[in-house]
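Trainee: I would like to take a close look at the aromatic residues of this structure. Please walk me through their surroundings.

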Amino acid sequence: MLVVPFLVVFTAFFIVPLAYSAYLSMFTSKLVGGEVFSGFDNYTRALHDPAFWAGLRRVVIFLFVQVPIMLGASVVIALALDSGRVRGGKVVRMLVFVPYAVPSVVATLMWGYLYGVDNGLITQLFHKVGLDAPNLLSEHTVLGSTMNIVCWEFIGYNMIVLYAALRSVPNEIYEAAEVDGAGQWRIALRIKLPALRPALLLTVIFSIIGSFQLFNEPNLLFNIAPDAVGTDFTPNLYAYNVAFKNQEINYAAAIAFLLGMVIMIVSFVVQIAVNRKERRA
């Protein structure tokens, strides 16, 4: 009985919309005849759509560059805080976590102002020292600028997850290692990092899902730098524009389902690879 409320909400707001999207993806809207059953034609169209593959390629680059940087920084900060040698550890932990409390829309608008080519703070600082400011919202740099925004938003969240995992390790293990002559670096490498594996796997899976679902940041940056961020910058943004600007709801549903399958496959492969590595260890 305690699980029933969750099942009702889960069914109403996840299963039913998912089933309806699957239904929509199997039809095509035509001027003559209205909704016509088309089977997998929308999926075939998406698989041959250069815009879909271009957006998917960008999020793959985003995944392999941004996620290691973000999680690496989160691990370093969590280890530093857990060591107890950081002055004002509680304040530092709060300051690192605060950006996660800022809505992604607000964070993107704030960084968009900082990136501004004409009056942005970064441009002004470069001009103050007599240097030419880089265009951080150009076609070649906007992906890196987006990575920076997402890192700023989520390093604190991942740090909290990893720090909580470290705090669950009994202190007796650390004391025994110190008695055996292990220093802080050796304890971190031999005890703390192995203890972080389950939490790291969780953060990696969440980061993979978040990378493929990237939407808010490019959607807002599109209004600031439309020449650099196209309507197909990410698959999620492309599906949104196809649905609500091009009014091709059926095709957008097919794109969304394909993206969901990609996320599921990549997450499954990562989890299987990690589990095999742990079994070997």
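Over the ring of which residue does the charged end of Lys 192 sit?

Mentor: The charged end of Lys 192 sits over the ring of Tyr 174, at 5.2 Å from the ring centre. A charge is said to sit over a ring if NZ of Lys or CZ of Arg is within 6 Å of the ring centre and within 35 degrees of the ring normal. Arg 45 likewise lies over the face of Tyr 251, 3.8 Å from the centre of that ring.

Some conventions apply throughout. This is a predicted model, in which local features need pLDDT of at least 70 and side-chain atom pairs count only at pLDDT 80 or more, while totals for chains, interfaces and linings use all residues. Residues are numbered from 1 along each chain as its sequence is written, and side-chain values use heavy atoms, with hydrogens and water left out.

Let us turn to rings that pair with each other. A pair of aromatic rings is described by the distance of the centres and the angle of the planes. Rings of Phe, Tyr and Trp (its six-membered ring) pair if their centres lie within 6.5 Å; planes under 30 degrees apart count as stacked, over 60 as edge-to-face and the rest as tilted. The count by this rule is 14 aromatic pairs. In one of them, the ring centres of Phe 27 and Phe 37 are 5.6 Å apart and the planes stand at 80°, so this pair is edge-to-face. Phe 27 belongs to strand S1 (residues 27-30) and Phe 37 to strand S2 (residues 34-37), ten residues apart; strands (E, at least two residues) and helices (H or I, at least four) are DSSP runs, numbered from the N terminus. Phe 27 is buried, with a relative accessible area of 16%, whereas Phe 37 is exposed at 56%. Here buried means under 20% relative accessible area, exposed over 50%, and partly exposed in between (1.4 Å probe, protein chains only). Ring pairs also link Phe 27 and Phe 37 with Tyr 20 and Tyr 23 into a cluster.

Finally, consider Tyr 163, which lies in helix H7 (residues 142-167). Tyr 163 counts as buried at 14% relative accessibility. Neighbours within four places in sequence aside, Tyr 163 is in contact (heavy atoms within 4.5 Å) with Ala 78, Leu 81, Asp 82 and Arg 93. The C-alpha atoms of Tyr 163 and Leu 79 are separated by 7.3 Å, although these residues are 84 residues apart along the chain.
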